[in-house]
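Welcome! Have the sequence and the 3D view ready, and let us walk through this structure together.

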Amino acid sequence: MTSKEELARREGMSYALKFAKENGIEALEKELKRRQAYNIPIRISNKELRAFTDNAKNMMLDTVLILTSVTLHDEFGFGRKRLEQFIKRFNFKAECIGEDYTDWQDQIAILKEECGLEYSIRQNDKDVMI
């Protein structure tokens with residue numbers, strides 16, 4: 001009788017072989033590194049993972065938009081009209097970044113040049129192992 005661990009190994013080997021045949025060895029190496037860094041189970045497809053990350057990004061954008069909107073309302077008296085104008089522009093800027101028309105470094109440079117403000121994005125450059 002084959003153990004669960006042995007069955008899992010065989011399943012993993014089959015997945016890796018199929019992935020390498022379809023995408024190449026370099027893509028397999030990249031995929032293995034990514035899955036190790038985030039502890040993503042093999043049974044989760046790239047499509048499912050993309051859907052999950054897209055949902056997480058949208059949720060993050062929604063929460064930032066809400067917090068920014070309530071701050072603009074409380075602190076600067078923005079009413080419905082100016083908040084709608086802000087939301088439209090915010091969503092446009094987010095789409096520009098999402099579609100690679102611009103990037104975060106460009107936006108940081110604009111704020112430094114035009115407003116004299118220094119911004120940076122904190123990086124999580126450590127591998128997280130569970």
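## A first question

At 15% relative accessibility, does Ile 108 count as buried or exposed? Ile 108 counts as buried, because its relative accessibility is 15%; buried means under 20% relative accessible area, exposed over 50%, and partly exposed in between (1.4 Å probe, protein chains only).

Before we go on, a word on where the values come from. This is a predicted model, in which local features need pLDDT of at least 70 and side-chain atom pairs count only at pLDDT 80 or more, while totals for chains, interfaces and linings use all residues. Residues are numbered from 1 along each chain as its sequence is written, and side-chain values use heavy atoms, with hydrogens and water left out.

## The overall plan

The protein has 5 helices and 0 strands, and along the sequence the pattern reads α-α-α-α-α. Helices (H or I, at least four residues) and strands (E, at least two) are DSSP runs, numbered from the N terminus.

Of the 130 residues of the protein, 15% count as buried. Here is another way to look at the fold: take the contacts (heavy atoms within 4.5 Å) with a separation of 6 or more, and 23% of them join residues 24 or more positions apart.

## Helix α1

Helix α1 covers residues 4-23, which is 20 residues. From its first C-alpha to its last, α1 reaches 28 Å, close to the 28 Å expected at 1.5 Å a residue; the expected span is 1.5 Å times one less than the number of residues.

Which residues of α1 are buried? They are Ala 16, Phe 19 and Ala 20. Seen down the axis of α1, these buried residues fall within an arc of 95°, so they line one face of the helix. The arc is that of the directions from the helix axis to the C-beta atoms. An α-helix has 3.6 residues a turn, so residues three or four places apart point the same way. The face of α1 turned away from the buried side carries exposed residues, among them Lys 4, Glu 11 and Leu 17. Just after α1, Gly 24 takes a positive phi of about 95°.

Helix α4 has 19 residues and reaches 26 Å from its first C-alpha to its last, close to the 27 Å expected at 1.5 Å a residue. In α4, the residues Leu 83, Phe 90, Cys 96 and Ile 97 are buried. They cover an arc of only 145° around the axis, which puts them on the same side of α4. What covers these buried residues includes α3 and α5. The face turned away carries exposed residues, including Arg 80, Lys 81 and Glu 95.

In the loop between α4 and α5 you will find Asp 100. Asp 100 has a positive phi of about 65° although it is not a glycine. Most residues other than glycine have a negative phi. With a relative accessible area of 67%, Asp 100 is exposed.

Start with His 73, in helix α3 (residues 46-76). At 42% relative accessibility, His 73 counts as partly exposed. Leaving aside neighbours within four places in sequence, His 73 is in contact with Phe 78 and Leu 83. The C-alpha atoms of His 73 and Leu 83 are separated by 7.7 Å, and the two residues are 10 residues apart along the chain.

Helix α5 holds Gln 107 and also Ile 108. Gln 107 counts as buried at 17% relative accessibility, and it touches Lys 93, Ile 97 and Thr 102, not counting residues up to four places away in sequence. With the neighbours within four places left aside, Ile 108 is in contact with Tyr 119, Ser 120 and Ile 121. Ile 108 and Tyr 119 are 11 residues apart in sequence and 5.9 Å apart in space, C-alpha to C-alpha.

## The largest pocket

About 1200 Å³ of space lies in the largest pocket. Of the 28 residues that line this pocket, the closest to its centre are Leu 61, Phe 90, Ala 94, Ile 97 and Trp 104. On a 1 Å grid over the protein atoms alone, a pocket is an open set of points where a 1.4 Å probe fits, with protein on both sides within 12 Å along at least five of seven lines; lining residues have an atom within 4 Å of a point. Grid points are joined across faces, edges and corners, and the volume is the space filled by probe spheres set on the points.

Which helix gives the largest share of the lining of the largest pocket? It is α3, with 9 residues.
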